[in-house]
Amino acid sequence: MSAATAPEATRAATPRAARRGPARTTRVLPTAVLLLGALYCLVPVAWVLVASTKSRGELFSTFTFAPGTGLLENLSDLFAYGDGQFLTWCANSLLYAGAGAVLSTLVSTMSGYALAKFRFPGRDAIFYAVLGGVLLPGITLAIPQYLIMSELGLVGSHWSVLLPSIISPFGIYLSRVYAAAAVPEEVVEAARIDGAGEWRTFTSVAVPMLVPGMVTVFMLQFVGIWNNFLLPFIMLSDERRYPLTVGLYSLLSKGSGEPALYSLAIVGAAVSIVPLIALVLFLQRFWRLDLISGGLKG
Amino acid sequence: MGTAGPAAPARPAARPPGRAGRRGRVPIAPYLFLAPGVLLLVLFLLVPVGYAVHLSLRGLRVSGGGPFGRREEVFVGLENYAAALTSADFLGGFGRLAVYGLIAVPLTLGLALLFALLLDATTTTAKRFSRTAIFVPYAVPGVIASLLWGFLYLPTTSPVSHVTEALGLGAVPFLSGAPLFGSVANIAVWGGVGFNMIIIYTSLRSIPAEVQEAARLDGASELQIALRVKVPLVAPALVLTGLFALIGTLQVYGEPTTLAPMTTSITQTWVPLMTIYRDAFTRDDLPLASAASVLLAVGTLAVSVVLLRVAQRRAFGSES
Amino acid sequence: MQVRALATVTAAALALSLGACSSDGSGDGASAADGPITLEYWAWGTAQDGMVEAWNRTHPDVQVRKTDAGGSTDSSAKLLTATRAENAPDVAVVQYDTLPAMIVGGVAADIGEHVADAEEQFNPGVWSQVEFDGAVYGVPQDVGPQALVYNQARFTELGLPVPTTWAEFAAVAEQVEQKDPAATLTTFAPAEFGGFAAMAQQNGAQWWTVDGDAWTVSIDDEPSRRVAQYWEDLVDRGVIDAQPLLTPEWNARLAAGEVLSWPSALWANGVVNGVVPEQAGQWALAPIPQWEAGRSAVSFQGGSAVVVTTSSEHPEEAAEFAEWINTSKEGSAAQIEAGQYPASLVGQELTLSSAPPVQSPQQADYWQVAQRIASDTVPEVSWGPNVNVASSAFQDAFNAAATRGTSFTDALAAVQEAVVADMEKSGFTVSAG
């Protein structure tokens with residue numbers, strides 16, 4: 001790429017000219033690399049979609065990318081499995097990720113706003129605890145979290161997955177960064193001078209300015225909780241409370257005397273990733289991922 | 001990050017009297033805003049950390065004697081730490097983790113940066129499609145990603161091995177020997193490139209147009225602009241994505257665990273977290289697992305802090 | 001606890017209103033005074049739903065709610081942690097080899113007083129799996145006597161004899177290699193602790209023994225080493241592959257008719273059916289090959305008991321449930337229908353009048369063969385308190401040996417060492433055998 005680009009760009013005085021430049025490789029090669037990357041990312045997804053059309057026998061006997069004849073049967077098997085358990089898992093995933101992300105966004109925004117816009121004793125300590133939480137491997141907490149949940153009598157319930165999902169040190173950190181940048185000091189001061197209480201200042205002045213940041217935290221949390229495996233896997237033992245990740249895993253990890261239900265897991269994977277991909281693609285235009293690195297500048 | 005703390009914490013006693021009225025309410029409000037967050041932080045972060053430390057100093061020992069005596073919890077001091085630090089399984093996991101990380105981290109970041117620069121370059125087309133496509137794996141849970149890559153790796157079901165076998169080269173041993181590290185790392189790269197690409201790309205988009213124009217007028221090529229102008233300007237994004245990739249590496253668990261039943265090459269102690277899980281749940285030795293967790297957490301914190309310090313000095317120069 | 005009690009009452013009320021159509025039921029000694037109760041039951045496998053349904057239909061006062069908490073490994077791990085948190089279910093299925101760990105971990109309660117008449121319903125060898133030191137920790141549910149399932153159609157096609165000794169088995173494996181290089185007689189799964197343990201026991205190994213207060217561990221004893229050498233030799237010569245079981249890879253080879261047999265246990269029929277239903281009618285059951293010609297020793301691979309946990313508030317009803325589903329005709333019938341081989345004498349008797357299972361409709365004497373196999377089981381095999389450690393050490397040591405091509409007997413020695421070290425650390429008195 002370097003050899004091809006250099007001479008052409010020196011010849012071109014303006015970017016406009018560069019775009020009309022004659023050397024075709026300068027445009028074809030970078031685009032080809034990009035498309036190669038796209039292909040790399042799409043092939044496994046395409047495979048899931050193709051494999052979900054294969055019957056149990058075809059899955060292991062026909063060529064990898066050859067479509068099968070079992071799609072409808074797979075789908076009806078999937079939805080019939082364990083009296084419609086797959087739908088329960090979908091609902092659980094939606095509950096954990098949806099409610100968890102909403103609550104997490106609220107808690108993070110409030111905390112981030114307080115950390116960014118107030119000066120008070122203990123602020124540093126709290127902020128460093130949050131930073132520590134960002135850097136701490138979440139998984140190492142899973143076991144003690146389990147024991148604490150059981151002290152609270154919540155192990156195995158929806159709460160055991162939902163409550164730990166609400167707290168997101170990274171969400172608080174992001175919200176603080178965004179609040180510091182997006183809510184001007186003067187606006188807050190002005191609202192206070194007008195006699196607005198702190199809560200009103202927050203809800204009617206700050207929150208509208210924080211919406212892009214909140215969407216970002218929501219998305220990150222939603223996908224994070226949706227994809228989480230270990231926390232629900234450790235907390236839950238009742239398959240009626242499983243989210244999709246643990247449910248699909250349970251299809252693969254059967255006891256001795258039962259074969260893994262590969263075709264069910266695959267069609268389940270296909271069905272469950274399609275809506276999530278759609279959601280992510282839809283929301284990606286609203287979120288502000290530059291926040292994440294913006295915070296580092298200080 | 002150095003400027004994170006307040007410049008001058010307000011001390012109630014030293015408050016100027018003229019601002020007391022306005023500031024008088026301040027000490028309560030931020031605490032109320034923070035209350036839910038701090039409560040959850042304490043309950044699900046600090047208390048578990050404390051609990052883990054407590055557990056790590058205890059051990060399960062048979063009491064009452066007899067071949068079927070029940071095990072009970074007793075204080076054992078630093079025995080579990082000594083056991084974890086001398087365990088060949090646990091330490092070996094870090095060795096394998098290093099190899100894995102050396103593949104996964106540079107590849108994830110390198111590809112993410114490459115794709116982000118290409119998206120930002122004036123010379124490429126099909127950007128929207130590519131950006132979306134590369135981002136798609138982010139929406140696929142790790143467990144599912146491992147399952148589907150597993151199918152693409154195993155000789156009989158792999159399309160790659162289909163081709164190599166047709167060429168008479170035999171199946172590609174994706175899941176054994178040295179290629180195994182690449183195969184596991186590939187799953188992480190596949191899942192991580194898109195997200196990191198978007199972070200870097202959004203940073204690139206925020207570079208003022210004049211900066212690039214100026215470089216072009218100076219006769220710089222697109223490549224030169226990319227390397228000399230854009231990359232230094234998105235350094236903070238690179239540091240941050242690097243940090244995430246590193247933390248992600250230390251937490252690798254799902255991918256090798258899902259692949260393990262498909263090969264004889266992934267042991268139950270392949271990476272440190274797998275050892276921790278095995279000790280906690282398969283071997284019912286929660287104290288040992290807690291000690292190993294504490295060590296891993298401390299190690300992660302140390303590595304992160306060092307990385308941030310170094311990066312800050314390099315990337316942000318005299319700032320802070 | 002209050003929350004739980006409330007939940008129990010609500011669930012019971014719900015179950016009652018839903019189950020209003022059920023027959024009046026017998027009550028069977030359940031304390032009806034407090035109103036109906038609900039027992040939580042952790043179990044996996046296809047047979048459970050039918051068994052639970054049979055109980056619920058006939059016992060309106062004690063309703064059972066089944067939960068699938070994962071297969072043996074996941075489920076027993078969760079039982080240990082849930083017991084520590086005091087929220088384990090009332091009743092749970094536990095594999096025989098994990099039961100000692102569940103006793104030491106405080107999961108399984110002694111139910112001897114509640115199931116005093118259960119012992120006579122089982123063969124002594126089966127009963128010995130649940131009775132330790134005079135205490136009864138469960139009621140046997142199913143047994144997995146080792147057996148050879150083989151692709152009869154492919155055997156006939158290639159003109160192969162069904163091997164009766166392991167020496168013959170090795171010879172047939174070589175024939176397969178010559179007659180159809182793509183196929184293999186079987187694969188050796190290095191992570192299959194239960195299968196290896198069963199073959200060692202068949203050869204006379206006793207891995208854990210109790211002598212007074214002391215344990216003796218002899219995992220690398222002579223009979224076990226011989227089993228290790230046998231498979232090491234076949235793998236080394238390339239006659240069979242060391243490869244994990246039931247992976248997409250293995251399934252694909254099974255589907256292609258390239259895996260001709262699977263030395264495992266009576267439950268294998270259902271597993272093969274799950275993978276390759278289109279090969280129904282091709283598979284048959286035969287006794288497991290013997291280490292010495294003329295002997296007929298069969299050991300258990302898998303099989304499980306139903307235990308009552310120490311967390312249960314209704315141990316008496318829970319024990320009654322455990323006994324009933326495993327010894328009544330209704331329970332056994334549901335079990336057999338799903339392809340599980342019952343542990344109880346009543347259940348085994350009942351199989352003889354049942355049709356062959358779905359993968360082997362052509363083998364009319366399937367259940368007769370099964371009963372002959374079950375009657376040859378070696379009695380009194382005892383498992384130690386840390387089979388979980390042994391199993392995980394075994395998996396890693398044998399996987400590593402298979403990957404690196406190192407010796408299986410050395411791997412066995414490593415397992416022995418890990419098991420002894422773990423028991424000493426826990427404070428047991430141990431001597432190496």
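Colleague: To start with L36(A), is it buried or exposed?

Modeller: L36(A) counts as exposed because its relative accessibility is 58%, where exposed means over 50% relative accessible area, buried under 20% and partly exposed in between (1.4 Å probe, protein chains only). This is a predicted model, in which local features need pLDDT of at least 70, side-chain atom pairs count only at pLDDT 80 or more, and totals for chains, interfaces and linings use all residues. Residues are numbered from 1 along each chain as its sequence is written, chains are lettered from A and ligands numbered from 1 in the order in which they are written, and side-chain values use heavy atoms, without hydrogens and water.

Colleague: Switching to the A and B chains, how many residues are in contact?

Modeller: On the chain A side 110 residues are in contact with 104 residues of chain B, contact being heavy atoms within 4.5 Å. The area buried between the two chains is about 9,800 Å², and carbon and sulfur atoms give 78% of it; buried area is the accessible area (1.4 Å probe) lost on putting two parts together, summed over both.

Colleague: And how many salt bridges are there across that interface?

Modeller: The rule finds zero between chain A and chain B, taking a salt bridge as a side-chain nitrogen of Lys or Arg within 4 Å of a carboxyl oxygen of Asp or Glu.

Colleague: On to chain C, what is its make-up?

Modeller: Chain C has 17 helices and 14 strands, and 61% of its 433 residues are buried. Among its contacts with a separation of 6 or more, 76% join residues 24 or more positions apart.

Colleague: What about L99(C), which residues does it touch?

Modeller: Beyond its neighbours within four places in sequence, L99(C) is in contact with V94(C), A108(C), Q129(C), V130(C), F132(C), Y137(C) and V307(C).

Colleague: Why is helix α10 of chain C said to be largely enclosed?

Modeller: Seven of the eight residues of that helix (residues 248–255) are buried, so the rest of the structure largely encloses it. The buried residues are P248(C), E249(C), W250(C), N251(C), A252(C), R253(C) and L254(C), and just after α10(C), G257(C) takes a positive phi of about 75°.

Terms used:
Helices (H or I, at least four residues) and strands (E, at least two) are DSSP runs, numbered from the N terminus.
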